[in-house]
Amino acid sequence: MNPPTTHPESAWLVTATAPALAAATLLIVALLLRRPLALLVAVARSRLRRPPTHLTIAPALVWTPETLAPERLVAWCLGIALVLAVALALVAPLHLALLLGAPLTGLAGWGLLIAAERRYVAHLETELTAAVGRLGALLKGGASLRTALEQIVAELPTGPLRAEWSFLLTRQGAPLNDGIATPQQVIAALADQTPSRRHATLLNHLGAAAAQPLDVLTRRCEAAYEALQAIERRRDEVATELAQVRYSGVAVGLAGIGMALYLVWSQWERVVRAYSTPAGILVGLLVIGALCLPIIGGVLLARFEDIDY
């Protein structure tokens, strides 16, 4: 039997003590370790983006895509950690809340990095087809590869493709241990480090033809442009066909969630009794996952990749 509350108007202060301590602890740690955490995130991200061990890239040719600034990632993770710490401290002891919040925050930060990289790749590939067509036209007009790249980079808006093609221009002639960086070396280095598989395939084609006569390079660019256009057409066709899959999954999932919400609203007391125990919490998580599976399945089945050309 729960003891009576002598001062219910101020009882919330006792309940809020643990969440307040958790939030204060995280804020103090964040203020003291803000810059070291940002540096640690930058180093970890560069190591995760490092090419396979059998590839040796000179330090002067290392490229790290700016998908999400380390300072911004640290700020996002701090906000997520605060929310998790306060929420967990309401249902668990303070030390357990902080202990559980750390891996959950790490998973959330990993998810933010993956989402940022996907946005980066999508933005890059959106501009890639038109840029390759422009490159082929300039090469056909007699411009050299470097001159054509300089002109295209000057015309491109600020974004991933401009940053990566600027890398091709600024790193040519960079000092290496065995001489200076040639266009082929710079192109190969970027192909190994760009997060876009489609862009990497294009760069491998350009790198193979960079030292060949201009007409060979021009034909390669024109063939790549035609293939990219064909890929875009196939993407539109497949997206239209798979849209029904996505909509069906979302419709089924929303219908199940709607019925579950109605049952919760109509039988709230029974739901609280059923899912307030430790076993009930686990079952509740399984039920929520089962209701979300059709939506997740529809979204995943609607995704596709096509980079061969």
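Salt bridges and nonpolar cores

The count of salt bridges comes to 4, where a salt bridge is a side-chain nitrogen of Lys or Arg within 4 Å of a carboxyl oxygen of Asp or Glu. The model is predicted, so local features need pLDDT of at least 70 and side-chain atom pairs count only at pLDDT 80 or more, while totals for chains, interfaces and linings use all residues. Residues are numbered from 1 along each chain as its sequence is written, and side-chain values use heavy atoms, with hydrogens and water left out.

Side chains of opposite charge can pair when their charged atoms come close. Helices here are DSSP runs of H or I with at least four residues, numbered from the N terminus. Arg134 counts as partly exposed because its relative accessibility is 32%; buried means under 20% relative accessible area, exposed over 50%, and partly exposed in between, with a 1.4 Å probe and protein chains only. Glu155, at 48%, also counts as partly exposed.

Another salt bridge joins Glu150 and Arg146, at 3.2 Å, N to O. Both residues are in helix H6, and because they are 4 residues apart, about one helical turn separates them. Glu150 is partly exposed at 36%, and Arg146 is partly exposed at 34%.

In helix H10 (residues 214-266), Arg219 and Asp215 are likewise 4 residues apart, about one turn of the helix. Their side chains meet in a salt bridge of 3.6 Å, N to O. Asp215 has a relative accessible area of 42%, so this residue is partly exposed.

The next topic is the nonpolar side chains. A nonpolar core is a set of buried Ala, Val, Leu, Ile, Met, Phe, Trp, Tyr and Cys residues joined through side-chain atoms within 4.5 Å. The largest core has 39 residues, and Leu135, Trp165 and Leu168 touch the most other members. Two or more residues come from each of H5, H6, helix H7 (160-170), helix H8 (183-193), helix H9 (197-209) and H10. H5 gives the largest share, 9 residues.

Leaving aside residues up to four places away in sequence, Trp165 touches several residues, including Leu128, Leu135, Ile152 and Leu202; contact means heavy atoms within 4.5 Å. A second, separate core has 5 residues, among them Leu73, Cys77, Leu113 and Ala116.
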